[in-house]
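Morning, everyone. Please bring up the structure and follow along.

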Amino acid sequence: MLRAVRPLLADLPGARALWTQLRSRRLRAAVARESTATYANGVSTAFTLSAAKLWHLERVRPVVIVLLGPVTERDSDWILRAHEVLRAHILVSERLASEAVPNDDVSTRCDFLGHAEETDLRALLMWVRRHWRACDVWLLDTKNPLPDHWAGVHLQHVAHEYHEDAAIGIVQPALTDGRAVYQGPEYDRAAGGWSGRQRHDRFLQYRIPRYVLGATVHGTLLRADAIDAVDLPSDELEGASFTDQLNVVVRRAWQQNRRTLAFSPVVLAVTEPPVSPAFTDAHRTWLEHRTVTNAAGRRRVIFVLNATSVSGGIRVVFAEAAGLAARGFDVEIWSLQGTPGWIESSVPVTSYRRYEDLLLALRNERAIKVATWWETSDPVFLASVNHGIPVNFVQEFETWFYPDQPWSRSAVATSYRPELLTLTTAQFQRAELAELGVDAALIPVGFDPTTFFVDQAVSRERDVVLAVGRSFFQKNFAMTRRAWDRLGDARPKLLMYGNEPDLVEESPSEYVVRPDDAGVQILYNRATCFVQTSIHEGFGLPILEAMACGCPVITTDAHGNRDFCVDGENCLIVPQDDDVALAGAIRRLLADEALQERLRAGGLRTAERYAWPVVLDELADFYRAVD
C-alpha cells in the first residue's frame, strides 16, 4: 500500500514528512506485533529488523562502508542503493575497483585499500578519523556476496541502542557458508585459546545476542566513538594480518570497557569459513595473567546472586561461602537483595539495585567471581574481562525453569559460556552442558551433619509419609497427592512442610509452615518414609537430608539424584508420574520393617559421602586450583 501511495505524494508539499509519518506508523505497528524478550541482566531480543528500520527512519546516523577487495561494475547498483538507504559513503580500492563504480559524493577510491588481508587497518582507521570522523565503519570483504543493505541498518541500530550507556564499541554478524553458522570467536578459558567447539543450537541460541572477545572481518561494524577511544600503536599492528589487526582493536576496546557484541540474528553469507584470529601473547597476558588474592595473600571469592529469598539453591551458595571462608578464603556475597532473614550468614552480603550497578563495581575487583544463576553469567563475564577469573556455578540446567518460554530457554543456553570455568553438582547437568560444548567440573551438594542426623530423642512414627509441600510444577507434588488418595481409607498420615499450608486439607494430614532446619530434622526423624516425586531436580538435597536422618526414601528418577539414588539399596525408585506404582511402593514399604531397615542403612552409608565437611574440602581444592 505505501509503495503505491509514495509516487502520488512525490510532488506534494511536505510529501517527505508525510511519507515518513506513514512509514513510521507502519513500523511501530510491526514492532508491537513482534514477540521478543528482555531480561534483567540486559540480554534482549527486542532489536528486530522492524525496530532497526524505525530507529533508522527517525535517527539516521552516518556510516562509512569499506569494500575490501575487487569491486566490479555489477556492484554499482549495490553501492548506489547503500548510499541511499544507509546514507553511506563507500570506500573502494583504487587498484581493484572498476572504472564504472560511481564516485564523487557516493564513493572514494583509496590507495591504502586492497584485498582484505593485504590492507592496513591502522591506515584505514586513521584516514576515517581525518575525513569522516563522526561516521561508524562497516567492513565488507567482497570475496563474499554483498549483503542486504538493511543488515547494515540492523547492526548499526544494535551498536547504538543495545546498551544505554554506550558500552558497545563493535558489532559483528553471524556468518554462514551454507554448511554451518559461525557466531564469532569465543575464548575458552579452560583450554587457553579460541574455542573449537561446535555450536549445536539445540535451544536456538543463535537468536540471542552475546558478547565475544574476538571478531571476524566480514560484516563487522565499528562505532565512531569507539574508533576514537582506541589507541592504534603501529608497533603492535605492523606486519599483522587484517584479521589480527582487527582483533588488536577489539582487545584494546575491551580494555577501555567498550564491548564487542556478536549479533547473531543478522546472518551474512560467506564463500568459505571465516579465518579465526591468532591467539597471541598479548591475548594471554590480557586474559590469563590474573591476580585473585588480597593484600594478605588470601584468595578472594565473590558469589553473585540474583536474590537472597528462600531457595534451596541459595542456601547451598551461603553454605559454600561459609565453608570457603572457614578454609581461609576471603569470601563475599553480592546480590540484588540484602542479607536474608531466613538463614544465618557469617559471610557479608553487599546488595545492589540492579545488575548494571553490580557489574560496574564488580569489574574493579581482583577476585574469583562466581555466577550462581543464568542471569548472573553475563554480568560476571563482563566484570571479569579485564580483572579476575569468572566461574559459573550451575546447580541446574536452568532451561527446566521455562517449559513454555522458548526465548528464555534460548537465553539460558547462551549463558553457558566457555569464557567462564564451569562447576556443576551432578552428572546429568554435566552431560547437558557437554552437549553445548561446555566441559564442567563436578562437585556435589552437601548437607550439614550437625543438623541432619538420626535423633534418638525423636520417636519415629509407624504410619507417616513425609513430603515437601510445594505446588511448583517441577516438584510434581500432584503425583504424591494422587498416590496418597489411592490408598483410600487405610491411607497413612500425610505430613508436609513448606509455605503452602492450604495445599492439602483432607485428613489425615498435617502441614508444618516454614520450619527451620532443626524443625525439618525432627520431621525426617518422625516420618516412616520420605517421598519426593519431582519431574526434575538439579541434585535433590532433601533426599540426602532424609537419608542422613535415617528416613527411608521413595523417589522418582529426577535426573540430578541419579548420582546417589540406587533403587532397592538406599531408596525405592518409581516411574515418573505413575501414582499407581507410588501407591504400591508406599504400601509395600510401610508394611515391611525389614525393607525399611535395609533402605535406612543404605541411606546412612550414602549420606557419609555427601556431608558438607567432605564436599567443602573438594570445593576448596577447586577454588585453589582456579587460574
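Which residue stands opposite Ile368 in E15? The answer is Val301. One caution before I go on: this is a predicted model.

Now the strand itself. E15 covers residues 368-371. Ile368 and Val370 point one way from the strand. Lys369 and Ala371 point the other way. All of these residues are buried, Lys369 included.

Next, the neighbours of E15. Strand E12, residues 300-305, runs parallel to E15, and four bridges join them. Val301 and Ile368 are the opposite pair I asked about. Strand E16, residues 389-394, also pairs with E15. That pairing is parallel too, over four bridges. Here Lys369 has Pro390 of E16 as its bridge partner.

So how does the chain get from E15 to E16? Look at helix H13, residues 374-382. E15, H13 and E16 together form a β-α-β unit, and the unit is right-handed.

Now the helices. H12 spans residues 355-362, and its axis comes within 8 Å of the axis of H13. The two axes cross at roughly 30°. Angles under 35 degrees count as roughly parallel, so H12 is roughly parallel to H13. The crossing of H12 and H13 is right-handed.

Which residues meet there? From H12, we have Tyr355, Leu359 and Leu362. From H13, they meet Glu375, Thr376, Pro379, Val380 and Leu382.

To recap: E15 pairs with E12 and with E16, and H13 sits in the β-α-β unit with E15 and E16. Thanks. Over to you.

Methods. Residues are numbered from 1 along each chain as its sequence is written. This is a predicted model: local features need pLDDT of at least 70, side-chain atom pairs count only at pLDDT 80 or more; totals for chains, interfaces and linings use all residues. Side-chain values use heavy atoms; hydrogens and water are left out. Buried means under 20% relative accessible area, exposed over 50%, partly exposed in between (1.4 Å probe, protein chains only). Helices (H or I, at least four residues) and strands (E, at least two) are DSSP runs, numbered from the N terminus. Two strands pair if DSSP finds at least two bridges between them. A crossover is right-handed if, with the strands pointing away from the viewer, the path from the first strand over the helix to the second runs clockwise. Axes are lines fitted to C-alpha atoms, for helices over the stretch in contact, and angles run from 0 to 180 degrees between N-to-C directions. Angles under 35 degrees count as roughly parallel, over 145 as roughly antiparallel, 65 to 115 as roughly perpendicular and the rest as oblique. A crossing is left-handed if the near helix is turned anticlockwise from the far one by less than a right angle, and right-handed if clockwise. Contact means heavy atoms within 4.5 Å.
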